[in-house]
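Reader: I would like to go through a model feature by feature. For each one, give me the general idea and then the case at hand.

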Amino acid sequence: MSVHQFYQHVVVHGLPYDRGFSYGEQTKEKIQRNVTYYKQPGKLGPCSSISRVINNCYIPGLQRYWPSGWEEMRGVAAGAGVTVEDIVMLNARYDLSHVKFEAVPETPAAEESIVEAIPEISQEATTVEVAVEDSKATEATEPSSEKKPATEEKPVDEKVQVEVAEECTSAIILAPATRDRVVFTAQNWDMSHRLVTDDAIIYLEIHPDPSENIPSMFLVTEAGQLGRSGCNGAGLGLTANSLQSDIDQAPDLSVPIPPSGALRRLFLEQSNYSVGLKCIARTPRHVSCNIMVSSADDIGMCLEVTPRTIFRSVISSTSEKPYLLHSNHFQTGPFLAQTQIADTYLGGSSWYRGERLEAGLRKQAQKENLIEQDIVTAFQDHAGYPHSLCEHAVEQSSKQESSGPYSGPTSTVCCVVYNLSKRTVRVCKGCPCEGIFQDFELR
């Protein structure tokens, strides 16, 4: 069990490969432990299938849609003394755990060649479907012209159901709700408790080379990954939550597609909010996820991203409720108004965590008096314990314990509050009711 009160703070500078190498070198043992854990039988699917997806799909996808990220991963691998395929696997942990893979027979090496150079594609040619809900209306923009009759529930085929960790409750809080007129985005990250005991999470502070014209970033992530949540020096912030839909599927091995983590980092590498949104919308994905994107300019969006459509809810400084909350089930008006895509969440704490967070924020928000400590206090809620907003690990019986990457007890592994207006971060290891908070400033 870890005896460290804090997660490691890693600071890197330079071009993608160089900063990746520095990152890998500084966190070598943590990365190797994460690689070893996820490569255990039964964690992420048959090795033969995972290898094919990484080499035929994810690597070409990174080379096409996020070449700097690919270079950074190469650097991390070299610095940590692991293969680049191992680092791609860590960055695709979310995607690989959200679909079921069947073992595939080995094929001759000639059939497994990786695409070395992929021609650029026009972003304008990428098809993007978006369904919108703003803060003043709930009318859905239906992505399909074909209307299906509304039903109370769409049955879900058990073959597409994958049980995953109930990870995260997130918030965007705009200036009108706060005493100091600042913008926050915050999150309780719930995951396998082993991330706490193995000290397997890091705070990654990145200062890119000036030639890249990329803002500095502060990221919270598993060691070996290039980011899970974070903020940047331009005042943009992002958190993410797990979602599952019935159109999530293993990727087509003939189509380059990056791990969905690319959407997060591509957004945070931008200085302009609009450009960041385009990066999310125009990058393909094969599984669903929720992305909360915000700006110090008093803008916030919840993006329920599926492989086909992005369902969107928007708030601004003039919204009746100047905050936006989300957990791990689909809840935007546009999604609920359609029947083409079904939520395959199996039920649990996500159905009440968001409401508990709102209960903790509402009173001070209505008074336009929220401060950072109010947000931390709201995230300490224990209704529904142990699977509460502030989740605590409890030992499971052998009958309860499931296989896969999230087997074993789960808990809140990190609580983080990003102040986008001041470019500061308050973060703790483990549950916010027990952890010791640290404060960082992004310069």
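Reader: How many disulfides does the structure hold?

Author: This is a predicted model, and the structure holds zero disulfides. A disulfide is read from the distance between two cysteine sulfur atoms, which must be within 2.5 Å. Cys 428 is in no disulfide, and its nearest cysteine sulfur, that of Cys 415, is 5.2 Å away.

Reader: Is Cys 428 buried or exposed?

Author: Cys 428 is buried, because its relative accessible area is 0% and buried means under 20%. Cys 302 also counts as buried, at 2% relative accessibility.

Reader: What share of the protein counts as buried?

Author: Of the 443 residues, 57% count as buried. The protein has twelve helices and 15 strands. Among contacts between residues at least 6 apart in sequence, 70% join residues at least 24 apart.

Reader: How do I read the packing of two helices? At what angle do the axes of α3 and α5 cross?

Author: Take the crossing angle and the distance between the axes together, then list the residues that meet. The axes of α3 (residues 47–65) and α5 (residues 84–91) cross at roughly 80° and come within 11 Å. Angles of 65 to 115 degrees count as roughly perpendicular, so α3 is roughly perpendicular to α5.

Reader: Which residues meet there?

Author: From α3 come Ile 54, Asn 55, Tyr 58, Ile 59 and Leu 62, and from α5 come Glu 85, Val 88 and Met 89. By class, the residues of this contact divide into six nonpolar, one polar and one charged. For the spacing along a helix, the general point is that an α-helix has 3.6 residues a turn, so residues three or four places apart point the same way.

Reader: How does α2 pack with α5?

Author: Helix α2 (residues 28–38) packs with α5 at an angle of about 75°, and their axes are 10 Å apart. The two helices are therefore roughly perpendicular to each other. In α2 the contact is made by Ile 31, Asn 34, Val 35 and Tyr 38, and in α5 by Asp 86, Ile 87, Met 89 and Leu 90. This contact has six nonpolar residues, one polar and one charged. Met 89 takes part in the contact with α3 and in the contact with α2.

Reader: How many residues of α8 are buried?

Author: Helix α8 (residues 261–268) is mostly covered, with eight of its eight residues buried. Among them are Arg 264 and Arg 265, along with Leu 263, Leu 266, Phe 267 and Leu 268.

Reader: Where does Gln 270 lie, and what does it touch?

Author: Gln 270 lies in the loop between α8 and α9 (273–281). This residue counts as buried because its relative accessible area is 18%, under the 20% limit. Leaving aside residues up to four places away in sequence, Gln 270 touches Pro 215, Asn 232, Ala 234, Leu 236, Val 275, Gly 276 and Cys 279. Ala 234 is 36 residues from Gln 270 along the chain, and the two C-alpha atoms are separated by 7.9 Å. The side chain of Gln 270 also reaches the backbone oxygen of Leu 266, at 2.9 Å.

Reader: What does the side chain of Arg 353 make a polar contact with?

Author: Its partner is the side chain of Asn 328, at 2.7 Å. Arg 353 is in helix α11 (residues 350–366) and counts as buried, because its relative accessibility is 0%.

Reader: Which peptide bond is cis?

Author: The bond from Tyr 385 to Pro 386 is cis, with omega near 5°. Pro 386 is in the loop between α12 (372–378) and β13 (410–419).

Reader: What phi do Arg 181 and Asp 298 have?

Author: Arg 181 has a positive phi of about 55° although it is not a glycine. Asp 298, also not a glycine, has a positive phi of about 70°. Arg 181 lies in the loop between β3 (169–173) and β4 (184–192), and Asp 298 in the loop between β9 (289–295) and β10 (299–305).

Reader: Are these two buried or partly exposed?

Author: Arg 181 counts as partly exposed because its relative accessibility is 42%. Asp 298 counts as buried, at 15%.

Technical notes. Residues numbered from 1 in each chain as written. Heavy atoms only, no water. Buried < 20%, exposed > 50% of the residue type's maximum accessible area, 1.4 Å probe, protein only. Helix = DSSP H or I, 4+ residues; strand = E, 2+ residues; numbered from the N terminus. Contact = heavy atoms within 4.5 Å. Polar contact = N/O pair within 3.5 Å; in protein donor to acceptor, adjacent residues only side chain to side chain. Axes fitted to C-alpha atoms, helices over the stretch in contact; angles between N-to-C directions. Parallel < 35°, antiparallel > 145°, perpendicular 65-115°, else oblique. Nonpolar A, V, L, I, M, F, W, Y, C, P; charged D, E, K, R; others polar.
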